[in-house]
Amino acid sequence: MILGLLIARGELYGLEIVRQSEGRVGAGTLYVTLNRMSEKGFVESRLEDAPPGAMGPPRRLYRATGYGLRVIRWWESAKRVFARRPAILGMP
Amino acid sequence: MKIIWRSRPIRRIVVWRRSLLRGNPYAVATLCGFAVTAEGAFLTTALVRGQWALARVFEIGTELLLLAMSAIAWKLYRLYDPPRQPRRPPLIRRIHRPPGAWMYQMAQLFFSPRTMQGVFDPWLADFRHEVFGDYHDKRSVRILVTRGRYTWLFITHLTAQIAVSVMKPMVAAWRFLGLS
């Protein structure tokens, strides 16, 4: 879900992901998930360039990596296969 | 003693105002439509009928009404007659801490530097941007809501983190002893 949003919208920061997910991603779990995805190499992050006069610490912008893109493509194709052949999963 | 129900609201308000001016503690009762036929008539009626609770409710109601009226009058006075001389700035200015500073300090006690950098720093940055945006738009209620929401998130996360920190060594010991 998060990876899909990052691929579709490009570079986003945490709050934008929460807003654009329309309630499907909670702010409570997002940052931990992003951190884990970053450790696994699905996403990469950088600190934003703060505009002059901006207040507060710089936000962290996240974007999907090439590896993340491949993973999500594989996941989509796997879902299609499993939907066509549920017997693979041991389902009748 | 009898309680008279007055149907006309204007008349009711006039009666209420008069009874309030006379120091009647049952002004709310009067406002609700019960006219006092003589001084303390309502009290007598209430006591005779054993309606102590009702009498107390009316007493407290009257006090609250008077308090609310005083507060409104004070607000109107300050609104339409502001002080002409500007107040002298205080000698010692209060230093405001940025929003979330106490959460950051608390988190430093429980989370590792790696977790702080990966999870807490972006979380705090987003929080501060949201709060500063609300300050810029002068949306005071929204500021409170945002701060409350993020504080609640922080408390739940911290509680979960503490629970995990306590459980981890216990589980490890359990496994080490071969009890699982």
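A salt bridge, as the term is used here, is a side-chain nitrogen of Lys or Arg within 4 Å of a carboxyl oxygen of Asp or Glu. In this predicted model, the side chains of B:Arg114 and A:Glu39 meet in such a salt bridge, at 3.2 Å from N to O, and the count between chain A and chain B is 1. The model is predicted, and local features need pLDDT of at least 70, side-chain atom pairs count only at pLDDT 80 or more, while totals for chains, interfaces and linings use all residues. Residues are numbered from 1 along each chain as its sequence is written, chains are lettered from A and ligands numbered from 1 in the order in which they are written, and side-chain values use heavy atoms, with hydrogens and water left out.

**The interface of chain A and chain B**

- Chain A brings 19 residues to the contact and chain B brings 15 residues, where contact means heavy atoms within 4.5 Å.
- About 1500 Å² is buried between chain A and chain B, with carbon and sulfur atoms giving 61% of that area; buried area is the accessible area (1.4 Å probe) that two parts lose on being put together, summed over both.
- Across the interface, 4 residue pairs are in polar contact, both residues being at pLDDT 80 or more; a polar contact is a pair of N or O atoms within 3.5 Å, and within protein one must be able to donate a hydrogen and the other to accept it, while residues adjacent in sequence count only if both atoms are side-chain atoms.
- On the side of chain A that touches chain B, helix H2 (14-20), helix H3 (27-40) and strand S3 (60-64) each supply at least two residues, and the largest share, 7 residues, comes from H3(A).
- Helices (H or I, at least four residues) and strands (E, at least two) are DSSP runs, numbered from the N terminus.

**Chain A and A:Arg59**

- Chain A has 4 helices and 3 strands, which follow the pattern α-β-α-α-β-β-α along the sequence.
- Of its 92 residues, 33% count as buried, a word that stands for under 20% relative accessible area, with exposed meaning over 50% and partly exposed in between (1.4 Å probe, protein chains only).
- A:Arg59 lies in the loop between strand S2 (43-47) and S3 of chain A and is buried, with a relative accessible area of 16%.
- The side chains of A:Arg59 and A:Tyr13 are joined by a polar contact of 3.0 Å.
- Not counting residues up to four places away in sequence, A:Arg59 touches residues of both chains, among them A:Glu48, B:Asp126 and B:His129.

- Over all chains the structure holds 10 aromatic pairs; rings of Phe, Tyr and Trp (its six-membered ring) pair if their centres lie within 6.5 Å, and planes under 30 degrees apart count as stacked, over 60 as edge-to-face and the rest as tilted.
- The ring centres of B:Tyr104 and B:Phe120 are 6.0 Å apart and the planes stand at 45°, so this pair is tilted.
- B:Tyr104 is partly exposed at 27% relative accessibility, whereas B:Phe120 is buried at 6%.
- Both belong to one aromatic cluster, together with B:Trp102, B:Trp123, B:Phe127, B:Tyr150 and B:Phe154.
- B:Gly100, in the loop between helix H4 (52-80) and H5 of chain B, is buried at 2% relative accessibility.
- Leaving aside neighbours within four places in sequence, B:Gly100 is in contact with B:Leu124, B:Phe127 and B:Arg128.
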